[in-house]
Amino acid sequence: MLENSFALLQKPLDPKQTQKNILRRFLWMWPILMIALSIGGYFIYQYYTHKLEQGLLASENNFIATTSQLLQKEIHQQMMVLQMAAKSQIVTRYFQAETAEEEIQRGSQVAALFINLSNTFQSQDQIRLISNNGHEMVKTTYDAKLQQSAISTNLFDLNDRQYYQPVKALKPNEAYVSKMELSLHNDKIEIPHKPILRFATPVLGNDGQKVGTLMINYLAKDFLNSFRNKQRIQITGYGMLLDSLGFWLSHHDNTNEWGRDLNNPENNFEKKYPSVWKKVHEDPSGSIHSELGLFRFQSIQPFDFNDIHYFPSVKKLTIIPESIQNTNWKLVIFIPIEMIHQHSFFFKPAGLAIIFTLLFLMSALLYLLNVLYEQKHYQLEYDKRATAELTDLYENAPCGYNTLDKQGYIKRINNTLAQWLGYDKSEILDKHFSEFLTPESKTLFNNLIEALNTEQNVEGITLEVKCKNGDTFHVSLVATGIKDRNRLVIARTTVFNISDRIKLEKRLEYIANTDPLTGVKNRRYFFEKSHALFPPNTNENTPIAALMLDIDHFKSINDQYGHKVGDIVLTAFCREVEQHINEDDIFTRIGGEEFALLYHPTSPQDTVNKAEKLREAIENLTVDVKKGVNIKMTVSIGCAYQKNHHIDIDQLMQQADDALYQAKLSGRNKVALH
């Protein structure tokens, strides 16, 4: 038998016959391979394209969410300004004037209030006080070039204005919001275009009856410009904002905008995309695949204030149904099919080259397999080499491997992990794995062994390992249990050195919680920490106080000296405040020149004393910004004190913000307690 085999091996091969056999098999197998690859390629293409489209759409979700929240906040802010002004004593007292002299005097006070609001927010084109008979009584107009608001002496009868008709029917505590439209001047559309929204609510007398109406023309240009800029930066396709009739309020090609106001009915989403309009119009949200491309759309709900907690009193106003219809907007993101193809692997020159290369390689592989079919005599040497390579891969892998018995003793370990620990393998084998862990990590490891009795795999366990020289480093451990009759026999673990990741996580945590300009904690950190001080997160009944600090006239510092000097002033302000607060106090930059301080006082007077101490410190502070230029500043502080935790952090901050407003009204450089 052996002799016959030896004789067979000694029999020389016919190279020509071998080549004929290889070619014959290749010629009938190659068409089958191409058919199989074509079928498989079709399904891969369909699956890839579907995933690509899903990925492109998913990447737009953050833009949709942030844009919706931005619009909600803008509407919310205008509703807050509207309600705050309508309920102002200055406005209500105007209607109580008994003489013409009083009416003029109080009208000046109302105008001053309107001017202050316009100059503060810089988003109100006009603020008007209207009598019940439809006549404008007080009106201020904002000049965008001068960035100042002024009293307007051109007062009109609004009864013939279409936008006033629903306004005059408003009942107490109702609010009206118009359609977003282009502003008119002398019955002509203003050039350049000025998109506005009109907000209106009744002004109530002391008896709760309607004595007049407050109307605010909100300038929507800044929001729309912000929308355009964000969509250019953040999304792959084109962002659009539609009204309820499909006319574009914002479009990547601005010549298509305001078709309704400019009498251009062809500039309409329904006209350009009739196949998708019905679904976009009727459904609140969704995505549509058409021959033109992908459409992702979302209804905007500007009056949904559930995620906005700064001024909850706005919710007391009732938004009339017509206002909701007027603001029935749709946010649409359109990704043209050409843009999808630009992102598709199958339409890129490199992709096509790779596909043809793969076809060639598959053909070559098929030919090679046929060659190998005839030439298997090298298999033994290949197996030996493969075994050696696997051993090298195990021993010198970039991660650690070890095998543990059911009690956690090390039975096998690779070179990588032994070198990390600084031991020879002989010093490690048959030692309990916990001997190489810090005390805190031993409990985690013991829990892992227990878990492997019931689970097949345990992943993501972070342990701190001790080296022979006393150093420590962090590892992430993945363990797989091998069982016999549901009982753990051995465990195989993979150990990854994650020391660099731990350092990075700590650095990222610092970045996420710190204001990069001033070095103090940021708004995110403030609310994350403050919620832990209120029920149900704590049962403590320790008094707590919130201080809102706003640098007076900070904008004038930026305007006079520039933003770099403004940054120096902000930093100096923070350093001065930090010298007068305790280590446990939470001091945060909320935004711009506004800061917040949360701490535990002993009494309301202690709260005022601390605020007064900070106010005096800032008043006495001199900031040397450059040679010969010293800047002094003052700060207005609003205080809120809570003893029994009957309110949450948002309400406490609202109280502090209201007190800050009072401090500003009283002349600035003041401390006010809610």
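User: Where is Asn669 placed?

Analyst: Asn669 sits in the loop between helix 22 and strand 28 (671-673). Helices (H or I, at least four residues) and strands (E, at least two) are DSSP runs, numbered from the N terminus. Before we go on, please keep in mind that this is a predicted model, where local features need pLDDT of at least 70 and side-chain atom pairs count only at pLDDT 80 or more, while totals for chains, interfaces and linings use all residues. Residues are numbered from 1 along each chain as its sequence is written, and side-chain values use heavy atoms, leaving out hydrogens and water.

User: Why does Asn669 count as buried?

Analyst: Here we set a value against a cut-off. Buried means under 20% relative accessible area, exposed means over 50%, and partly exposed is in between (1.4 Å probe, protein chains only). Asn669 has 18% relative accessibility, so Asn669 counts as buried. Its phi is near 55°, a positive value in a residue other than glycine.

User: What is the phi of Trp258 near, and is the residue in a loop or a helix?

Analyst: Phi of Trp258 is near 60°, again positive in a residue other than glycine. Trp258 lies in the loop between strand 11 (248-250) and helix 8 (269-272). With a relative accessible area of 4%, Trp258 is buried.

User: How do you know that Thr67 is buried, and what does Thr67 touch?

Analyst: The relative accessible area of Thr67 is 4%, so Thr67 is buried. This residue belongs to helix 3. Contact means heavy atoms within 4.5 Å. Not counting residues up to four places away in sequence, Thr67 touches Phe223, Phe227, Lys230 and Leu331. The C-alpha atoms of Thr67 and Ser226 are separated by 9.2 Å, although the two residues are 159 residues apart along the chain.

User: What makes Ala656 count as buried?

Analyst: Its relative accessibility is 0%, so Ala656 counts as buried. Ala656 is part of helix 22 and touches Ala546, Met548, Gly638, Cys639 and Ala640, not counting residues up to four places away in sequence. His674 is 18 residues apart from Ala656 along the chain, with 6.5 Å between their C-alpha atoms.

User: Why is helix 18 called oblique to helix 22?

Analyst: Helix 18 (residues 523-530) and helix 22 (residues 649-665) pack at an angle of about 120°, with axes 10 Å apart. That angle makes helix 18 oblique to helix 22. Angles under 35 degrees count as roughly parallel, over 145 as roughly antiparallel, 65 to 115 as roughly perpendicular and the rest as oblique. The axes are lines fitted to C-alpha atoms, for helices over the stretch in contact, and angles run from 0 to 180 degrees between N-to-C directions.

User: Which residues of helix 18 and helix 22 meet?

Analyst: From helix 18 come Phe526, Phe527 and Ser530, which meet Ile649, Asp650 and Met653 of helix 22. By class, this contact has 4 nonpolar, 1 polar and 1 charged residues. In this scheme, Ala, Val, Leu, Ile, Met, Phe, Trp, Tyr, Cys and Pro count as nonpolar, Asp, Glu, Lys and Arg as charged, and the others, Gly among them, as polar.

User: What makes helix 19 oblique to helix 20?

Analyst: Helix 19 (residues 554-561) packs against helix 20 (residues 563-578) at about 140°, with axes 7 Å apart. That angle makes helix 19 oblique to helix 20. Phe554, Ile557, Asn558 and Tyr561 of helix 19 make the contact with His563, Val565, Gly566, Val569 and Leu570 of helix 20. By class, there are 6 nonpolar, 3 polar and no charged residues.

User: Which residues touch the most other members in the largest nonpolar core?

Analyst: Among its 51 residues, Phe114, Leu129, Phe199, Leu214 and Leu241 touch the most other members. Helix 3 (residues 61-86) gives the largest share of this core, 10 residues. A second, separate core has 30 residues, including Val520, Val569, Leu570 and Cys574. A nonpolar core is a set of buried Ala, Val, Leu, Ile, Met, Phe, Trp, Tyr and Cys residues joined through side-chain atoms within 4.5 Å. In soluble globular proteins, nonpolar side chains tend to be buried together.

User: Where is Ser363, and why does Ser363 count as buried?

Analyst: Ser363 is in helix 12 (residues 349-374). Its relative accessibility is 13%, so Ser363 counts as buried. Leaving aside neighbours within four places in sequence, Ser363 is in contact with Phe26, Trp30, Leu33 and Met34.
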